[in-house]
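Dear colleague,

I am passing on a structure for you to look through, and my notes follow it. Please keep the sequence and the 3D view open while you read.

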Amino acid sequence: MERLAKNCPFCGERISLEKPEPNVTATYHPPFVNSDGKKVYCCKCHSHGPKAVNEEEALDKWNERIPSNNGSCPFCGSNDLGIKTQFNQINMYAKICKNCFAHGPLEDNEADAKQKWEQRTL
Ligand SMILES: [Zn+2]
Ligand SMILES: [Zn+2]
């Protein structure tokens, strides 16, 4: 069965679940990353969806959208949020959800990270 991912809630990017051609390397970002769990990843704004146990659950959680309430998490509706300030030892900022472990777009300052998180395209 074909599975479809909704567009990124933060930047509107279409999320492709297709596997890359073997000769595509440098610019390819997989839709699923597996650093500390499976999650759907947006290669345009570098946000990612809720952590899940497998790709199917990651996709389900990514596709679940809850209307924003004072900047709550678009995936789970939680208001238990924080700011992450380091990504791979680089100082970048993103709003994170402490409930589902999604994070918003990566920005080089906290104000932009907050604004991008609150601007939804869903
Ligand atoms: Zn995005
Ligand atoms: Zn959440």
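In which loop does glycine 104 lie? Glycine 104 lies in the loop between β4 and α2, where helices (DSSP runs of H or I, at least four residues) and strands (runs of E, at least two) are numbered from the N terminus.

Before going further, please note that this is a predicted model, in which local features need pLDDT of at least 70 and side-chain atom pairs count only at pLDDT 80 or more, while totals for chains, interfaces and linings use all residues. Residues are numbered from 1 along each chain as its sequence is written, and chains are lettered from A and ligands numbered from 1 in the order in which they are written.

The overall layout

The protein has two helices and four strands, and along the sequence they follow the pattern β-β-α-β-β-α. Of its 122 residues, 25% count as buried, a word used for a residue with 20 or more other C-beta atoms within 10 Å of its own, whereas 12 or fewer make it exposed and anything in between partly exposed, with C-beta atoms placed from the backbone. Two residues are in contact if these C-beta atoms lie within 7 Å, and among contacts between residues at least 6 apart in sequence, 40% join residues at least 24 apart.

Strand β3 (residues 81-87) and β4 run antiparallel and are joined by six bridges; two strands pair if DSSP finds at least two bridges between them. The partner of isoleucine 83 in β4 is lysine 95, and that of phenylalanine 87 is isoleucine 90. Two residues lie between the strands of this hairpin, in which asparagine 88 takes a positive phi near 50 degrees.

In α2, the residues Ala113, Lys116 and Trp117 are buried. They cover an arc of only 100 degrees around the axis, so they are on the same side of α2, the arc being that of the directions from the helix axis to the C-beta atoms. The buried residues of α2 pack against β3 and β4.

Returning to glycine 104, this residue counts as buried because it has 32 C-beta neighbours inside 10 Å. Not counting residues up to four places away in sequence, glycine 104 touches Phe10, Ser47, Ala94, Lys95, Ala113, Lys116 and Trp117. Its C-alpha atom is separated by 9.0 Å from that of glutamate 118, which is 14 residues apart from it along the chain.

In α1, Ala58, Leu59 and Trp62 are buried. They cover an arc of only 95 degrees around the axis, which puts them on the same side of α1.

Leaving aside neighbours within four places in sequence, tryptophan 62 is in contact with Ala5, Lys6, Val40, Gly49 and Phe75.

Two loop residues with positive phi

Histidine 46, in the loop between β2 (39-40) and α1 (55-63), has a positive phi of about 65 degrees although it is not a glycine. Histidine 46 is partly exposed, because 19 other C-beta atoms lie within 10 Å. Phenylalanine 101, found in the loop between β4 (90-97) and α2 (110-118), has a phi near 70 degrees, a positive value in a residue other than glycine. With 18 other C-beta atoms within 10 Å, phenylalanine 101 is partly exposed.

The average pLDDT (the predictor's confidence in each residue, from 0 to 100) is 83 for the protein, and 80% of the residues score at least 70. Among the elements, strand β1 (residues 32-33) has the lowest mean pLDDT (53) and α2 the highest (95). Over residues 24-29 the pLDDT stays under 50, and the model has three contacts beyond four places in sequence for them. Where pLDDT is low, the predicted coordinates should not be read in detail.

With best wishes
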